[in-house]
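Have the model open as you read.

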Amino acid sequence: INSGVKIATGEYLLKIDAHCIVSPRFDSILLRDHQPNWIQIPRRYKLNEDKWEPNFNEFIDYEYWIWPKKFKPTSLHGFRWHERARQRADKLIDDTPTFQGSFWFMTKAWWDKCDFMLDEGYNELHAQEAVYLGNTTWTAGGRVVVNKNTWYCHLHAKRSYSINNQNRDKCYIYSYKHWVSDNKAGFTALIEKFWPIPGWPENWKEKLWQVQ
């Protein structure tokens with residue numbers, strides 16, 4: 001990603017996984033609606049692998065943080081938030097706590113201002129790309145928004161390549177410490193903004209920083 005940004009000469013940056021397809025005019029719609037301090041993502045559908053076409057039976061607009069202590073190591077992972085999608089169906093551009101990472105759109109100026117993807121703690125894997133980009137944007141006074149006026153499809157298939165689990169777990173541990181412990185005030189404000197969050201206990205402030 002950094003190599004691509006380095007050679008980019010335009011005003012905007014778009015990152016998309018190779019195993020995706022996009023809706024007609026998706027780029028012009030994102031450009032029309034964009035604000036300088038935003039990260040934008042479109043509505044996401046699953047991609048039919050056999051026919052290489054959208055599966056319009058189910059979509060994902062929002063993701064939330066699963067209660068971090070469900071994981072070992074304790075870490076931040078997003079999950080589709082269908083209840084919020086139903087409650088806020090009339091809002092065509094709306095805030096989301098986090099996103100998948102398979103598609104994002106922003107200005108190059110925002111990228112440069114936030115110094116994205118330069119934190120060595122994430123190592124070469126960048127297993128927490130959406131955590132890094134989204135939380136940095138929220139704590140820097142920006143917004144992460146889903147734009148329901150356009151869409152893309154992402155292939156949900158078994159990974160055909162290997163990942164170094166040790167490096168991945170180091171990345172998870174570092175990312176969690178960086179955002180939840182070292183940036184406690186910013187992370188607390190983000191959770192409060194989207195509260196209530198599915199699966200989180202009412203006394204989450206007490207439990208989240210409780211030593212295991």
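## Rings, a glutamine and a helix

Trp-111 has a relative accessibility of 5%, so it counts as buried. Keep in mind that this is a predicted model. Its partner ring belongs to Phe-116, which is buried too, at 1% relative accessibility.

In total there are 17 aromatic pairs.

| Pair | Centre to centre | Angle between planes |
|---|---|---|
| Phe-56 and Trp-151 | 5.3 Å | 85 degrees |
| Trp-111 and Phe-116 | 5.4 Å | 65 degrees |

Phe-56 sits in strand E4 (residues 53-60) and Trp-151 in strand E9 (residues 143-154), so this pair ties together parts that are 95 residues apart in sequence. Phe-56 is partly exposed, with 47% relative accessible area. There's also an aromatic cluster, made up of Trp-67, Trp-195, Trp-200, Trp-204 and Trp-209.

Two arginines lie over ring faces as well: Arg-43 over Phe-59, 3.8 Å from the ring centre, and Arg-84 over Trp-81, at 5.5 Å.

Now for Gln-40, in strand E3 (residues 38-48). At 0% relative accessibility, this residue counts as buried. What does its side chain make a polar contact with? The side chain of His-34, at 2.8 Å. A polar atom of the Gln-40 side chain also lies 3.0 Å from the backbone oxygen of Leu-30. Other residues that Gln-40 touches include Phe-103, Trp-104 and Phe-105.

Finally, helix H5 (residues 129-139) has 10 of its 11 residues buried, so it is largely enclosed by the rest of the structure. Among the buried ones are Tyr-132 and Trp-138. After H5 comes Gly-141, with a positive phi near 90 degrees.

Terms used: Residues are numbered from 1 along each chain as its sequence is written. This is a predicted model: local features need pLDDT of at least 70, side-chain atom pairs count only at pLDDT 80 or more; totals for chains, interfaces and linings use all residues. Side-chain values use heavy atoms; hydrogens and water are left out. Helices (H or I, at least four residues) and strands (E, at least two) are DSSP runs, numbered from the N terminus. Buried means under 20% relative accessible area, exposed over 50%, partly exposed in between (1.4 Å probe, protein chains only). A polar contact is a pair of N or O atoms within 3.5 Å; within protein, one must be able to donate a hydrogen and the other to accept it, and residues adjacent in sequence count only if both atoms are side-chain atoms. Contact means heavy atoms within 4.5 Å. Rings of Phe, Tyr and Trp (its six-membered ring) pair if their centres lie within 6.5 Å; planes under 30 degrees apart count as stacked, over 60 as edge-to-face and the rest as tilted. A charge sits over a ring if NZ of Lys or CZ of Arg is within 6 Å of the ring centre and within 35 degrees of the ring normal. Lists of a residue's contacts leave out its neighbours within four places in sequence.
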